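Let's walk through a protein model together, one feature at a time.

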2 protein chains.
Amino acid sequence: MRFLHTADWHIGRKLYGYELIREQEDAFAQISRIAVQEKVDAVVVAGDLYDRALPSEDAVKQLNKMIVELNLKLKKPILAISGNHDSAVRLNTGHEWFKETQYFLNTTVEEAMTPIEFPDTQFFLLPYFQLFQARNFFEDESLNDLTTVIEKIICQMKKRFNSEKKHVLVAHFFAAGSTKTESETKIEVGGLNAVPVDILDDFDYVALGHLHDVNALHNPKVKYSGSPVKFSVSEAKTTKGVWIVDTEPFQIEFVPLKPLNDIILLEDNYENLISPRIYTGMKESDFVAITLKDNAVIPNVMNNLREFYPKIISLTRKNQVLEIPKDEADVFELDPMKLLGSFFEDMTGEKMTKLQEKWATDSLEYVNGGEMK
Amino acid sequence: MRFLHTADWHIGRKLYGYELIREQEDAFAQISRIAVQEKVDAVVVAGDLYDRALPSEDAVKQLNKMIVELNLKLKKPILAISGNHDSAVRLNTGHEWFKETQYFLNTTVEEAMTPIEFPDTQFFLLPYFQLFQARNFFEDESLNDLTTVIEKIICQMKKRFNSEKKHVLVAHFFAAGSTKTESETKIEVGGLNAVPVDILDDFDYVALGHLHDVNALHNPKVKYSGSPVKFSVSEAKTTKGVWIVDTEPFQIEFVPLKPLNDIILLEDNYENLISPRIYTGMKESDFVAITLKDNAVIPNVMNNLREFYPKIISLTRKNQVLEIPKDEADVFELDPMKLLGSFFEDMTGEKMTKLQEKWATDSLEYVNGGEMK
C-alpha cells in the first residue's frame, strides 16, 4: 500500500506573535492535493495536531475542518496519534465514531497494541505518553526509562504481527541520532530521553513526529516528516514536505511543500537594507529575520526597518558578542567600570567619552549608597 | 413516538467547592435506566451539557463516556443542542460523524432550520445563540431583540413543517413566566430577554433548557426539564427528574430522579445541631445548608459544626439582617460609631461594652490620621 506521512501540524501555533492560520491552511491544501495526486491509501499524522492542550476555538475549528476535508470529503483513511502538545483526552472526543470512516485516532498506550489492518500492512499507532501511563499499563512501578518501555511495547506489538503483512509504527518521541531545532521546546525533548533507533528494527517503516526538521534523523526506514510549516528562524533554510511511502515494494519519496510565506534570513548593513536594491526584491508577506552587520547604534532601528520589511520576526546584530571571561566567577572580580567599558565598546564599537564615564561612575556610586552628584 | 427530555447537565460543575462527579454519574445512570425502561425512541438534551466553555479533561472524559453509553451502547438516538455554558465550537467537534449513529448535535442557528426527521415527528434543534449570530444568519443588522429573532426563526422552521407529523422544538433560552433559581448566573438570564411563551404555540411540544427548576414554567406543552442534579441551596426543596413525552397521542409524565446525595436544609440553634438527636439521623454524604437561629457569637462555629456535618455548603444566621437606611447616601452621613454599634448589635444581639466602644473609637481616630493611644 501507499501512504502519506506528515506530523507536527501544531494548529494554533504562532510565529513570534504572527498568526500562522493562512500558512497552515495552505500547507494543508497542498498535503490534500498530494494525497489525491499520489493516490495514497491512507494519511498518517504522527502527533501534535494542535499546538497546545487547550487550543483556541479558532484552532479547533481549523483542525476539525481539515479532518472533515481529508476523511469525509476526500475519503482518505487517517491514522493519527496524539503528541506531547495535544491533550489526549480532548483530542480523543468522538474517536469511537471516527473509526466508521477509517479515521483512526489513538491517544492511549493500550490502544496502540491493536493494529489497524490494511490488506497488506499493519499499522501500530503509539501516541505520546508519559512514563506513569506506561507504568499503569504494564502494572510495573519499576519502569523508569523510556527505551525499556518502548522495547516492552514493541515486544507486545510483535505478538500481533501478521507475518504476511508489512508493519508500520506511528509514534511521537525523540529518536537517537536526531538533532533538534528551536521550535521544539527544550523541556519536551529533555523530558523524553532519546530512543535508540535500532530498537525499532522490527518495523518496515517508522513514521515519527516530534522533531520539526525532516533531516533531524538519517535512517532509511525511520523518518521524521517534520512540520509542514516553518515554526522558527532556525528552520528558515530547511525544506518542508511529506513522505510518500510504499510498503511493497518498499520505496519512499519526500514531496516538498511550497511555503505560502517563507522565512527569509537577511544579513547586511543597515544602509544596504534600506536601499531599494534589496527590499524591492522581497515579498511583503514573507517573514524576515535580520542580522545587522553594523556596530553603530541606530536609533529606532526596528521601526525604521519595518517600513521596508513589515513582518520582521527577529533582529540581531552580527557582532553582538560580549567577551565574558571563561570562568564566570571572574566577572564579579572585575572592576564594574572596566566591565561596563568593555560592554559599551562591544555594543557600539567605540570607547566611552570622559563625560559618559563620569555619568556611569556617579550612577554606580549612587546605587552603592553614595549621593547623586 | 416517545422521547425523554432532559437538559442542563452542567458536567464539571461544583457545588460550593464540592465536586459533583459522582452525583452527576448517578443521575445519568438513572436517566439511562429510565430511557431503557420507558422504551423511548430518543433522548433530548436541551443544552448546557458542560458547565463551562473550557471544561476540564475530567469533565470531557465524563461527558464523552455518557454519550458513548447512551448512543453507542444503549443505541438511543440523541437530540442535543449547545447551551450558553457550552462552547459551541468545542462541543461541535466530531458532529459530522455523530449523525451516523443518530446522535444529532446542533450548535448553530443555521443547522436549526433543518428538522431531524422521525417517522411521526420533526425535531427542530435550536442551540443557544447570541444576537450577532442571528443578525449574521438573517443578514439583518437591525435585529436587536430576542423575541423578534425567535419569531423569525420559527417562521422559517414552519416552512419545513410536514403537516402529517408532530413538531417539537428543542431550545435553550429564558421563556417568559419562568422564575429563576440561583444556579443560573444572573448575567445569562439578563443577557437573554424573556421569550413570551405564546410565540411557541406552533409546536406540539417545546423541550427547554436553561432554567434548573422544572417548576420554573407552568405550561402544558412548553417545559423545562430542569437539571438532573441540585446545583444550589435554593434548589434544595425541588424535585429533579426528566420528562417522558409521547407525541401521538400527546401525553407527558415527569419521572423523578433520586439524589445520590441530597441538599438538606437545617434551621436550628447551635445547641440542638450538635446534639445527637439531630445529627445521628443524617446521611454523612449529604450536603447541608445550615441556618443558625442563635444570636450569640459562637467561636469557631464552622469547624465545630463540620465535626457533625462534614459537607456544610452554607452557614447563615436567621437574624442576620442589618438595617440599612433606605437611601444609601444616608449611610455616609451616619456617625461611624453609631453605624458600628448598630452592626455589632445586629451581629451579636448585644450592645458594645464601654471598653469595646473605646477600642473602636481609638481605632477610628487612628485611621483618620490621629495617633494610636
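## Charged pairs

In this predicted model, the side chains of B:K240 and B:E235 meet in a salt bridge, 2.8 Å from N to O. The term salt bridge is used here for a side-chain nitrogen of Lys or Arg within 4 Å of a carboxyl oxygen of Asp or Glu. Both B:K240 and B:E235 are buried, where buried means under 20% relative accessible area, exposed means over 50%, and partly exposed lies in between (1.4 Å probe, protein chains only). Salt bridges that share partners also join A:R2, A:E38 and A:D246 into one network. Over all chains, the structure holds 26 salt bridges.

Now try another pair, A:R13 and A:D51, whose side chains form a salt bridge at 3.0 Å, N to O. This pair links distant parts of the chain, 38 residues apart: A:R13 sits in the loop between β1 (2-6) and β2 (14-15) of chain A, and A:D51 in the loop between β4 (42-46) and α2 (57-73) of chain A. The helices and strands named here are DSSP runs, numbered from the N terminus; a helix (H or I) has at least four residues and a strand (E) at least two. A:R13 counts as buried because its relative accessibility is 12%, and A:D51 is buried too, with a relative accessible area of 9%. For a contrast, find B:E19 and B:K14, whose salt bridge has an N to O distance of 3.9 Å. Here B:E19 is partly exposed, at 47% relative accessible area, and B:K14 is partly exposed at 46%.

## Where the two chains touch

How many residues does the contact take from chain B and from chain A? It takes 21 residues from chain B and 21 residues from chain A, with contact meaning heavy atoms within 4.5 Å. The area buried between the two chains is about 1,900 Å², and carbon and sulfur atoms give 69% of it. Buried area is the accessible area (1.4 Å probe) that two parts lose on being put together, summed over both. In chain B, the residues that lose the most area to chain A are B:E57, B:V89 and B:W97, together 37% of what that side buries.

Across this interface there are 0 salt bridges, but 10 residue pairs are in polar contact, both residues at pLDDT 80 or more. A polar contact is a pair of N or O atoms within 3.5 Å; within protein, one must be able to donate a hydrogen and the other to accept it, and residues adjacent in sequence count only if both atoms are side-chain atoms. On the side of chain B that touches chain A, α2 (57-73), α3 (88-92) and α4 (95-98) each supply at least two residues. The helix that gives the most is α2(B), with 8 residues. This side of chain B divides into 10 nonpolar, 7 polar and 4 charged residues. In this grouping, Ala, Val, Leu, Ile, Met, Phe, Trp, Tyr, Cys and Pro count as nonpolar, Asp, Glu, Lys and Arg as charged, and the others, Gly among them, as polar.

Helix α1 (residues 21-37) of chain B has 17 residues, and at 1.5 Å a residue it should span 24 Å; its end C-alpha atoms are 24 Å apart, which agrees. The expected span is 1.5 Å times one less than the number of residues. Among the buried residues of α1(B) are B:A27, B:F28, B:I31, B:I34 and B:A35. An α-helix has 3.6 residues a turn, so residues three or four places apart point the same way. Just after α1(B), B:K39 takes a positive phi of about 50°.

## Backbone details

Which peptide bond is cis, with omega near -5°, in chain A? The bond from A:E248 to A:P249 is, and A:P249 is found in the loop between β12 (241-247) and β13 (250-256) of chain A. In chain B, the peptide bond from B:E248 to B:P249 is cis, with omega near -5°.

A:D48 is a residue other than glycine with a positive phi, near 60°. A:D48 lies in the loop between β4 and α2 of chain A and counts as buried, at 1% relative accessibility. A:Q102 is not a glycine, yet has a positive phi of about 60°; A:Q102 is partly exposed, with a relative accessible area of 36%.

## How to read the numbers

Residues are numbered from 1 along each chain as its sequence is written, and chains are lettered from A and ligands numbered from 1 in the order in which they are written. In this predicted model local features need pLDDT of at least 70, side-chain atom pairs count only at pLDDT 80 or more, and totals for chains, interfaces and linings use all residues, while side-chain values use heavy atoms, with hydrogens and water left out.
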